[in-house]
Amino acid sequence: VDVHVTLGGRGELAGQIYRQLLDAILDGRLRPGERLPATRDFARGLDVSRNTVALAYERLGAEGYVTGRVGAGTYVCAEPPGPVRRQPRPRRAPGAEGLSPRPIWRTLPLSATAASTPPAYDFGVGIPDARLFPFQAWRRIIARELRPSTFGSGDYSEPQGHPGLRAAIARHIGVSRSVRAGADDVLVTHGAQQALDLIGRVLVEPGTVVAVEEPGYPPVRHLFASLGARVVGVPVDAEGLTVSALPDSARLIYVTPSHQFPLGTAMSLARRTALLSWAQARGAVVVEDDYDSEFRYSERPLEPLQSIDRAGRVVYIGSLSKTLLPALRMGFLVAPPSLLGALRTAKQLSDWHCDSLTQAALARFIDEGLLARHIRRATRHYAPRHEQVIAALRHDLAAWLVPVPSVAGLHICARLVPGSDVDVARVVEEAGRHGVAIRSLASYCVDGPPQPGLVIGFGAIPTERVADGLRLLAEVLPG
Ligand SMILES: Cc1ncc(COP(=O)(O)O)c(C=O)c1O
């Protein structure tokens, strides 16, 4: 390896080289088995005599940090004699405070990511079953697309996204969700979250009022707050967002009408129409997040706001996180022409574009009909889980919980029976101790009072574990 050593401090040169190499070994920058530079080359690069470098190596060798033979190279020992720190230590002057972010960043939490040891019964929300991912087909397609033409001249490519992928997405959502869009209306993003970020960059100024659902999806709230928006939670009832409760000053309204997050209800047609009229009358933008409604367990869905909208006030967002995998970071937005130019520039300013290989592979995956097939197959796996959760809520758990009607997605919300005084936070904690990971509904409430209930995800948990997991949950509920 090429090791960076700086000479010129105090002490003789061999000592300086020795100390810096030792530091690199101790903090893990130089790993066991790695070869140190040949003494001749190293000496030339440092403009010192070869003897000076050899002296430093000999001392490291005598102390057991490196090993080597003349002519065969010098290597970091597999077992260094002293403890290894594993993390380079930043050099900081005593009392230095470092840099500080804007105050808002002190209040924004980091969402939980996958635990290193998964819980035995994982009712986590918004996680699909990674075992269902079509690895074989994906590997074949990635191999096929990994060729020079995918990368063109090697320069950056179109920020709006791979044209073939945009066309494939437009066709896919046109057929499956009746979204009215052509390839030119689609912009490919790194997940729904980046679509929201781009919309925020283009529409939100410090102080802009953004209305979000209460209860709702926390990362959206945090994102808009980070951009300086005044985020206001608007209550959701059985028909969806309460349009009459929207603050007049709201300029952007974020909703999940197909499958409200986290309650799971679908917004009624009357509410959809009322919301669009409200937005049109006040010049507001409606952001429609359709994050997981591809998985349906009964009746046809209502038309998305995007296809009912006649005034060009809706930006539609989709994600491949549930249908494929969150780690692929693939999503998209469909925007009216009035916003697309700015969104395309925002995408370029943010990260130029999504990775060309994944985009080309996804285009082919959709074109070959594999996404539609995968969704049908995954739905067949998720449907019995959905049924089992509903069945448990209607029987074993009925004394404590009432399911909120929901026919799509990967989670079901259940409210505490009215009048019950169960301490949900304690139940969640106790369930966790029994290996059952589950979220409280209250954890999605910010502006309103914490609503008592549970949100039960069934994407990650294998079908054969659902019933046992819910039985354990029933056991920790008070008798
Ligand atoms: C309401 C909502 N929107 C969007 C997403 C997906 O976001 P992304 O596509 O960035 O993974 C999720 C995932 O849990 C979600 O719950």
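Buried residues are those under 20% relative accessible area, exposed ones those over 50%, and partly exposed ones those in between (1.4 Å probe, protein chains only). The model is predicted: local features need pLDDT of at least 70, side-chain atom pairs count only at pLDDT 80 or more, and totals for chains, interfaces and linings use all residues. Numbering runs from 1 along each chain as its sequence is written, and side-chain values use heavy atoms, without hydrogens and water.

Gly228 follows α8 and has a positive phi, near 95°.

The largest nonpolar core holds 64 residues. A nonpolar core is a set of buried Ala, Val, Leu, Ile, Met, Phe, Trp, Tyr and Cys residues joined through side-chain atoms within 4.5 Å. Phe123, Leu362, Phe365, Leu397, Leu470 and Leu473 touch the most other members. Helix α13 (residues 370–394) gives the most to this core, with nine residues. Leu473 touches Leu397, Val427, Ala431, Ile438 and Leu454, leaving aside residues up to four places away in sequence. Another core, of 27 residues, lies apart from it and includes Leu196, Ile199, Val220 and Leu340.

Terms used. Helix = DSSP H or I, 4+ residues; strand = E, 2+ residues; numbered from the N terminus. Contact = heavy atoms within 4.5 Å.
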